[in-house]
Amino acid sequence: MITKHTCKNGVRIVTENIPSVRSVAIGIWIGTGSRFETKDNNGISHFLEHMFFKGTKTRNAREIAESFDSIGGQVNAFTSKEYTCYYAKVLDNHASHALETLSDMFFNSTFDEDELLKEKNVVLEEIKMYEDTPDDIVHDLLSQATYSHHPLAYPILGTEDTLNTFNGDALRAYMNEFYTPDNVVISIAGNVDDSFIDEVEKYFGSFTASNNKPQAQKPAFCTEKKARKKKTEQAHLCIGYEGLPVGDKSIFDLIIINNIFGGSMSSRLFQEVREQRGLAYSVFSYHSAHLDTGVFNIYAGTAPGQLDEVYDTISNIIGTLKETGVTEKEVANSKEQIKGSLMLSLESTNSRMSRNGKHELLLRKHRSLDEILQSIDNVYKENVDKLIRKIFTDDFSSSLISPSGQFPKNFPN
């Protein structure tokens, strides 16, 4: 059962007691990411995430790591376009220790200048590593083609130029703007009872900050083409169609569409491009849902000489899907596959903590597993076919990284 408690200062605490396990996952979720940055401070959300591990007033970086290693726990963090999360997973008898350490990182990080310099170099290496993976970069390039100058187009890692401008004062100013009580959710899942809420409130229930967080501006969906010429063994192609925002009433219809089109090994895309034609090792689709928009993404990596055939094959699959729709069998199979994946994922306390944290942060509501399963069962072929015709239009964004930087011959201008 999920319990929600709101502290007097506005911090929300979400707990899910799972007495059958011996672990506890604790996540601090903050409603900010690269979407809320500017061109001048792009990458600061991600860099701040790194600096939380580099020392507090009472612990240095090594002692933070040892505080979790010494109890057999795990600690990590990640930054996305719209949220940042710091989390730990420990044995239930070490939950209080993990909470205290996470709160120390959250409130008492010193942002020491020597550590700042070292961590800038670490993140710069991360950016370089990312640049060496064209199958990753092409997705960022698609974001630029889709959202143009809107912050959703910014890379989460930032750039070398912006990275060099960050200092302790900039990090503290960014925290004062976005790490505010109304923008923080503490999500806990595992073998804890309601008394743990009091412990969380002891650390997070009294801090204050100005509530001047700027509102997110809805982006326009652009249909630009972005290509980069790069010496690679493969051509990496992405195509993006306008999707749905988080919490849209048709989101489960789109989840079914993705599973049938390219989200599984039995999907039409995987079966035709890889299994039948042998044109790609990696080919798939996925949907990225944001607060007020979304993108349905298609990716394929193939030999440059096969790019035209791959694109034509993708176009034919989409054309057939629009013309004849999906089958009742595909819908039924996809429902069972998605329900199975959902239930298997919820066997992990980390997954439950993440699910509850995101739902509270982005939607401010929670649905029981039975309600979600019912929503999946309520997907019908006619609604799926209708949404297919709405999603797959002639207007799409695209990105390409290849040795020539040239889109396929049959690609629209």
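Which residues point one way from β3, and which the other way? In this predicted model, S23, A25, G27 and W29 point one way from β3, while V24, I26, I28 and I30 point the other way, and all are buried. Residues are numbered from 1 along each chain as its sequence is written. Because the model is predicted, local features need pLDDT of at least 70 and side-chain atom pairs count only at pLDDT 80 or more, whereas totals for chains, interfaces and linings use all residues; side-chain values use heavy atoms, with hydrogens and water left out.

Helices (H or I, at least four residues) and strands (E, at least two) are DSSP runs, numbered from the N terminus. In a regular strand, side chains alternate between the two faces of the sheet. Strands count as paired if DSSP finds at least two bridges between them. With strand β5 (residues 84–91), β3 runs antiparallel and is joined by 8 bridges; here S23 has L91 as its bridge partner. Strand β6 (residues 184–190) also pairs with β3 in the antiparallel sense, over 7 bridges, and V185 in β6 is the bridge partner of W29.

Strand β7 (residues 225–229) runs parallel to β11, with 5 bridges joining them, and A227 is partnered by L400. Strand β8 (residues 235–242) instead pairs with β11 in the antiparallel sense over 5 bridges, where C238 has S399 as its bridge partner.

Turning to the helices, α1 (residues 44–51) is mostly covered, with 8 of its 8 residues buried. The cover over these buried residues includes β4 (74–79), β5, α4 (113–131), α6 (160–163) and α7 (168–178), where contact means heavy atoms within 4.5 Å.

Helices α9 (residues 251–261) and α15 (residues 381–391) have axes that come within 9 Å and cross at roughly 80°. Axes are lines fitted to C-alpha atoms, for helices over the stretch in contact, and angles run from 0 to 180 degrees between N-to-C directions. The two helices are therefore roughly perpendicular to each other (65 to 115 degrees; under 35 counts as roughly parallel, over 145 as roughly antiparallel and the rest as oblique). D253, L254, I256 and I257 of α9 meet N383, V384, L387, I388 and I391 of α15.

The whole structure holds 27 aromatic pairs, defined for rings of Phe, Tyr and Trp (its six-membered ring) with centres within 6.5 Å; planes under 30 degrees apart are stacked, over 60 edge-to-face and the rest tilted. F52 and F106 form an edge-to-face pair, 6.2 Å centre to centre with 80° between the planes. F52 lies in the loop between α1 and α2 (61–69) and F106 in helix α3 (residues 95–108), so the pair ties together parts that are 54 residues apart in sequence. Ring pairs link F52, Y86, F106, F107, F111, Y179, F204 and F207 into a cluster.

Conventions. Buried < 20%, exposed > 50% of the residue type's maximum accessible area, 1.4 Å probe, protein only.
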